Amino acid sequence: MLDLRLNCECCNKDLPPESEEAFICTFECTFCADCARNVLNGACPNCGGNFQQRPIRPAAALLRHPASTQRIFKPEGCGQGT
């Protein structure tokens, strides 16, 4: 089951479970659409894999299987400022 991480690893933008702007790689690294496309050029900085839009977990399912509460923020690995 997906973690549904709460934020973009690059810019720290909030990405709630219902967000259509969340993109993930095969390891569930999570990025906003802007960073995935414009900063990372479609490649995960952690594994080199591509991104897919993260599925939205229905609200009823979130009751039994809530989103992650851990925030991951690693701007140094996102190519910003280089």
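In what order do the elements of the chain run from the N terminus on? The order is β-β-α-β-α, which amounts to 3 strands and 2 helices (DSSP runs numbered from the N terminus: H or I of at least four residues for helices, E of at least two for strands). The model is a predicted one, in which local features need pLDDT of at least 70 and side-chain atom pairs count only at pLDDT 80 or more, while totals for chains, interfaces and linings use all residues. Residues are numbered from 1 along each chain as its sequence is written, and side-chain values use heavy atoms, with hydrogens and water left out.

Overall dimensions come next. Along the principal axes, the C-alpha atoms fill a box of roughly 40 × 20 × 20 Å. Of the contacts with a separation of 6 or more, 58% join residues 24 or more positions apart, a contact being heavy atoms within 4.5 Å. The chain exposes about 4900 Å², with 51% supplied by carbon and sulfur atoms (Shrake-Rupley method, 1.4 Å probe; for residues, only the protein chains shown count as cover). Buried residues make up 37% of the 82, where buried means under 20% relative accessible area, exposed over 50%, and partly exposed in between (1.4 Å probe, protein chains only).

Turning to the rings, the count comes to 1 aromatic pair. Phe 31 and Phe 51 form this edge-to-face pair, at 5.2 Å centre to centre and with 65° between the planes (rings of Phe, Tyr and Trp, the last by its six-membered ring, pair if their centres lie within 6.5 Å; planes under 30 degrees apart are stacked, over 60 edge-to-face, the rest tilted). The pair links distant parts of the chain, 20 residues apart: Phe 31 belongs to strand β2 (residues 30–32), and Phe 51 to the loop between α1 (33–39) and β3 (52–53). Phe 31 is buried at a relative accessible area of 0%, and Phe 51 is buried at 11%.

Arg 5 also deserves a look. Arg 5 sits in the segment before β1 (22–24) and counts as buried, at 16% relative accessibility. Its side chain reaches the backbone oxygen of Glu 28 at 3.0 Å. Leaving aside neighbours within four places in sequence, Arg 5 is in contact with residues including Leu 15, Phe 27, Cys 29, Arg 54 and Ile 72.

How values were computed. Polar contact = N/O pair within 3.5 Å; in protein donor to acceptor, adjacent residues only side chain to side chain.
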